[in-house]
Amino acid sequence: MEDPTIWYSDGLYHVVVNHYMESDETNHLTSEDGIHNWKNRGIAFVHDSKIFRYTNGDVDEWFTVQRPIVYVEDNKISHFNFSVIDVQKYSRQVIDNPISKILRAIL
């Protein structure tokens with residue numbers, strides 16, 4: 001597990017954590033006190049899924065989506081930031097001109 005993102009909202013502590021070695025998924029867990037009784041809420045997203053959908057129907061596709069960062073406003077999530085890249089990061093070469101960027105998802 002790597003790249004945990006932890007926040008407090010809606011009366012719960014939340015964490016999303018990446019599980020790259022086996023499934024390339026990000027899992028969502030919650031706890032009432034942030035220490036005990038963490039409950040697995042399931043998969044938050046899969047890194048090769050098409051999670052960036054716009055209201056006009058367009059979809060951004062990225063090979064890898066990682067390192068989610070949460071912005072909470074008025075005790076509710078208002079934004080997620082993600083690091084994304086359009087090729088497998090370990091196969092990048094200087095000459096292949098990969099695109100890497102930070103995306104913000106507004107909820």
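Trainee: Leaving aside neighbours within four places in sequence, which residues is Asn27 in contact with?

Mentor: Contact means heavy atoms within 4.5 Å. By that rule, Asn27 touches Met1, Val15, Val16, Val17, His19, Gly42, Ile43 and Ala44. This is a predicted model: local features need pLDDT of at least 70, side-chain atom pairs count only at pLDDT 80 or more, and totals for chains, interfaces and linings use all residues. Residues are numbered from 1 along each chain as its sequence is written, and side-chain values use heavy atoms, leaving out hydrogens and water.

Trainee: Does Asn27 count as buried or exposed, and why?

Mentor: Buried means under 20% relative accessible area, exposed over 50%, and partly exposed in between (1.4 Å probe, protein chains only). Asn27 counts as buried because its relative accessibility is 11%. Of the 107 residues in the protein chain, 33% count as buried.

Trainee: Which element holds Asn27?

Mentor: Strand E3. Helices (H or I, at least four residues) and strands (E, at least two) are DSSP runs, numbered from the N terminus. The protein chain has zero helices and nine strands.

Trainee: Which residues make up the largest nonpolar core?

Mentor: A nonpolar core is a set of buried Ala, Val, Leu, Ile, Met, Phe, Trp, Tyr and Cys residues, joined through side-chain atoms within 4.5 Å. The largest one here has 10 residues: Trp7, Val16, Phe45, Phe52, Trp62, Val65, Val70, Phe80, Phe82 and Val84. E8 gives the largest share, three residues.

Trainee: How many aromatic pairs does a search of the whole structure find?

Mentor: Two. Rings of Phe, Tyr and Trp (its six-membered ring) pair if their centres lie within 6.5 Å; planes under 30 degrees apart are stacked, over 60 edge-to-face, the rest tilted. One of the two pairs is Trp7 with Phe80, which is edge-to-face: 6.1 Å centre to centre, 90 degrees between the planes. Trp7 sits in strand E1 (residues 2-9) and Phe80 in strand E8 (residues 76-85), so the pair ties together parts 73 residues apart in sequence. Both Trp7 and Phe80 are buried.

Trainee: Which residues make the nonpolar surface patch of about 280 Å²?

Mentor: Patches are made of residues with over 30% relative accessible area and no salt bridge; like charges are joined within 9 Å, nonpolar side chains (Val, Leu, Ile, Met, Phe, Trp, Tyr) within 5 Å. A salt bridge is a side-chain nitrogen of Lys or Arg within 4 Å of a carboxyl oxygen of Asp or Glu. Areas come from the Shrake-Rupley method with a 1.4 Å probe; for residues, only the protein chains shown count as cover. Tyr8, Tyr13 and Trp38 make this patch. Trp38 is in the loop between strand E3 (25-31) and strand E4 (39-46). Trp38 counts as partly exposed because its relative accessibility is 32%.
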